[in-house]
Amino acid sequence: MRALIPLALASLLTGAAPAPGDLARSVFARFGLEPAPQIVSARDFSGGLTRHEWARSVVYDSGREVIVLSEGIDPDQIEQMLEHEAAHLRAWRDHGHGIEMHGREWKRTCRKYARVKSKACTADH
């Protein structure tokens with residue numbers, strides 16, 4: 001792991017710090033994401049993120065699910081970002097990949113499982 005990744009993101013990636021690692025496990029369990037998606041740093045993700053993105057959900061043809069997080073994410077926003085991206089993965093599992101990115105199925109899924117609904121269930125992420 002690169003030393004430049006902030007502590008909050010590093011602990012999500014490695015599970016080294018109990019609180020953030022537990023937070024990711026808790027969010028994934030609440031959304032019924034078993035097996036849990038992998039969390040990677042945008043720096044280590046092929047193609048990275050755009051300037052305006054803080055996070056992205058990706059599903060490879062192999063079925064491998066990944067949540068990509070920006071190194072600059074505010075630690076206070078990690079839970080809502082994880083919930084937002086977990087809602088994409090859960091909605092895709094339930095409704096297929098042909099649904100609208102922030103459409104009806106995604107919104108219903110997010111509102112059903114998210115704890116921080118007012119922040120996680122918006123298209124602003």
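**Notebook: aromatic pair, sheet, confidence**

I searched the whole structure, a predicted model, for aromatic pairs and found one. The partners are Phe31 and Tyr113, with ring centres 5.3 Å apart and planes at 40°. I noted both values because a pair of aromatic rings is described by the distance of the centres and the angle of the planes.

Phe31 lies in the loop between α2 (18-30) and β1 (38-41), whereas Tyr113 belongs to helix α4 (residues 104-113). The two are 82 residues apart, and I logged the pair as a link between distant parts of the chain. Is Phe31 buried or exposed? I read a relative accessible area of 0% for Phe31; the cut-off for buried is under 20%, so Phe31 is buried.

I then turned to the sheet. Three strands form an open sheet, and I wrote down the order as β1-β3-β2, with mixed pairing. β1 and β2 are the edge strands, each pairing on one side only. From one strand to the next I have an average twist of 25°. Helix α3 (residues 78-95) packs on this sheet and touches β1, β2 and β3. I took the angle between the directions of α3 and β2 as about 25°.

Which strands pair in which sense? For β1 and β3 I found the parallel sense, over four bridges. Ile39 has Ile67 as its bridge partner in β3. Strand β2 (residues 55-59) pairs with β3 in the antiparallel sense, over five bridges. For Val59 I noted Glu65 as the bridge partner in β3.

I checked burial along β3 (residues 65-69) as well. Five of its five residues are buried, so I describe β3 as largely enclosed by the rest of the structure. Both faces are covered: Glu65, Ile67 and Leu69 are buried on one side, Val66 and Val68 on the other.

Last, I went through the confidence values. The protein averages a pLDDT of 78, and 74% of the residues score at least 70. Confidence is highest in α4, at 96, and lowest in helix α1 (residues 7-14), at a mean of 49. Over residues 1-8 I found pLDDT below 50, and 15 contacts in the model beyond near neighbours in sequence. Residues 14-19 also stay under 50, with five contacts beyond four places in sequence. Where pLDDT is low, the predicted coordinates should not be read in detail, so I took my notes no further there.

How values were computed: Residues are numbered from 1 along each chain as its sequence is written. This is a predicted model: local features need pLDDT of at least 70, side-chain atom pairs count only at pLDDT 80 or more; totals for chains, interfaces and linings use all residues. Side-chain values use heavy atoms; hydrogens and water are left out. Rings of Phe, Tyr and Trp (its six-membered ring) pair if their centres lie within 6.5 Å; planes under 30 degrees apart count as stacked, over 60 as edge-to-face and the rest as tilted. Buried means under 20% relative accessible area, exposed over 50%, partly exposed in between (1.4 Å probe, protein chains only). Two strands pair if DSSP finds at least two bridges between them. pLDDT is the predictor's confidence in each residue, from 0 to 100. Contact means heavy atoms within 4.5 Å. Axes are lines fitted to C-alpha atoms, for helices over the stretch in contact, and angles run from 0 to 180 degrees between N-to-C directions.
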